[in-house]
Amino acid sequence: MTALGCIADDFTGATDLAALLARSGARVALRIGVPAAPATDTAECEVVALKIRSAPAAEAVAQVRAALDWLQAAGARRCYWKYCSTFDSTPQGNIGPVAEALMAALGTDRTLHAPSFPENGRRVFMGNLFVGRQPLAESPMKDHPLNPMTDSDLTRVLAAQSTLPVGLVDWPTVAAGAVRAAVGPGHWIGDAISDGDLDTLAEAVWDWPLLSGGSAFAGKLPDRLRAAGLLGAGAASNRPKMPAGRAIVLSGSCSAMTRQQVAAYGAVAPAFRIDPRALARDGAGETARMRDWLAAQDHPAPLVYATAEPDQVRAAQAELGTDRAGRVVEAALAAAARAARDAGVARFVVAGGETSGAVTQALAVDRLDIGAEIAPGVPWCVARDAAGPLAVALKSGNFGGPDFFAEALAAAE
Ligand SMILES: Nc1ncnc2c1ncn2[C@@H]1O[C@H](COP(=O)(O)OP(=O)(O)OP(=O)(O)O)[C@@H](O)[C@H]1O
Ligand SMILES: O=C(O)[C@@H](O)C(=O)CO
């Protein structure tokens, strides 16, 4: 019986969430998309990974409703709406509309949003999100290819896309432990600059039918659900066994951290750069060139990347349009993943949420079991296809340190 049903707006976000839930020893399963089959063999925490971060609100809401139906059929009475710890969204974005649709479906009039992930440098103070020391709108997120973040004040960002009022549980209120008395109907942004603040928020609202935000806040729920008798005893024994075999690193993230990671790994492993403009001119030819290159590599883990500097991304987008530039890159990286799997590759390290969505769909896996965490929020996950087990590590754009790719490969041994 599932105690906590979670819906994530992208695939790296879903594995991040699953990793933080699994830290508690809870049994966690991750579904890629809404399963077609009714819920059987379910875990106590189920995560449905969607690919809706950039989807129009109506489309996102429809997919989320389907996911909630599946989770409720699995027994879930509580829901967690997971989006990015950098609140990736636009004024037309779907974080607010999805939260409101979930509130209606769950019969509640309120939710608390806590995107903070202090372990990864994301903190909310007085409603403003900081990435490391920088306000969100001055951080590298201002150059995001799909949803550049231009306002650090989350109450404003959320209000622009919501119909219900948006309030703030400010840090003095959190520090005073006065959260429960401060909240009522509507959306609430919860300040949290430390893990302890997230604990305080969770202690006050863990029993609400709908909570929202990043993985770190969700990670505070299993122990409280367990104390209320809603989760079984925690056990570290559910880690899946890593499959042996060759690897590939696929990067479509253009985040500041991924750019460093690609540079570091490209210096020690063979690397193939894909270029959206060349792909748009001759997709079949470029993809064939990439496949030939891959087939010629005898390195245990080559790199294929589209990762580029902001000015190069802007130039490609100006020529092709943002959507098309993203789509041709995603299609090429998906083709690389498929070619690698067909050639027997068993381990896939993927950088970028949209990219991870494209790659996992190309690999046609529908369930991931959550293994060891490589870096905070990035676990190895084990799946199965007709050829046997395979492992994927889906890295959010800004997660991990500069040597993440080599560390992931080492952690797989
Ligand atoms: N050189 C490029 N020019 C234009 N678009 C690109 C280029 N390289 C990658 N892209 C596109 O940019 C988008 C990057 O989004 P993705 O979600 O994969 O990474 P991210 O936003 O850094 O990761 P996360 O969502 O986990 O933070 C993808 O759609 C990708 O196809
Ligand atoms: O919350 C985060 O930062 C990540 O899980 C994510 O969603 C990036 O795609």
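Which domains give residues to the shell around ligand 2, and where does that ligand lie? I find that domain 1 (4-236) and domain 2 (239-411) both contribute, so ligand 2 lies between them. The domain bounds come from an automatic or database domain assignment.

**Ground rules.** I am reading a predicted model, in which local features need pLDDT of at least 70 and side-chain atom pairs count only at pLDDT 80 or more, while totals for chains, interfaces and linings use all residues. Residues are numbered from 1 along each chain as its sequence is written, and chains are lettered from A and ligands numbered from 1 in the order in which they are written.

**Ligand 2.** I looked up its shell, where a residue is near if its C-beta atom, placed from the backbone, lies within 6 Å of the molecule. The shell holds 13 residues, and the closest are Gly-13, Asp-16, Ser-85, Gly-353 and Ser-396. H1 supplies the largest share, 3 residues. By class I noted 2 nonpolar, 9 polar and 2 charged. Here Ala, Val, Leu, Ile, Met, Phe, Trp, Tyr, Cys and Pro count as nonpolar, Asp, Glu, Lys and Arg as charged, and the others, Gly among them, as polar.

**Ligand 1.** Its shell has 28 residues, with Ser-253, Gly-326, Gly-352, Gly-353 and Gly-397 the closest. Helices H13 (310-320), H14 (322-342) and H15 (353-363) each give at least two residues to the ligand 1 shell. Helices (H or I, at least four residues) and strands (E, at least two) are DSSP runs numbered from the N terminus. Domain 1 and domain 2 each provide at least three residues of this shell. Its classes are 10 nonpolar, 15 polar and 3 charged.

**Between the domains.** The C-alpha centres of the two domains are 26 Å apart. I count as contacts those residue pairs whose C-beta atoms, placed from the backbone, lie within 7 Å; by that rule 25 residues of domain 1 meet 29 residues of domain 2. On the domain 1 side, helix H1 (11-22) and strand E2 (28-32) each supply at least two residues. H1 gives the most, with 9 residues. That side divides into 13 nonpolar, 5 polar and 7 charged residues.

**Whole chain.** I find 16 helices and 18 strands. The radius of gyration, taken over C-alpha atoms, is 20 Å, close to the 22 Å of the globule rule (2.2 Å times the number of residues to the power 0.38) for 413 residues, so the chain is as compact as a globular protein of that length. Of the 413 residues, 54% count as buried, meaning 20 or more other C-beta atoms within 10 Å of their own, with C-beta atoms placed from the backbone.

**Met-149.** Is this residue buried or exposed? I get buried, with 24 other C-beta atoms within 10 Å. Met-149 sits in the loop between strand E8 (134-135) and helix H4 (154-160). Leaving out residues up to four places away in sequence, its contacts include Thr-86, Phe-87, Asp-88 and Leu-136. From Met-149 to Glu-44 I read 35 Å, C-alpha to C-alpha, for 105 residues in sequence.

Note on methods: Contact = placed C-beta atoms within 7 Å. Buried ≥ 20, exposed ≤ 12 C-beta atoms within 10 Å, placed from the backbone.
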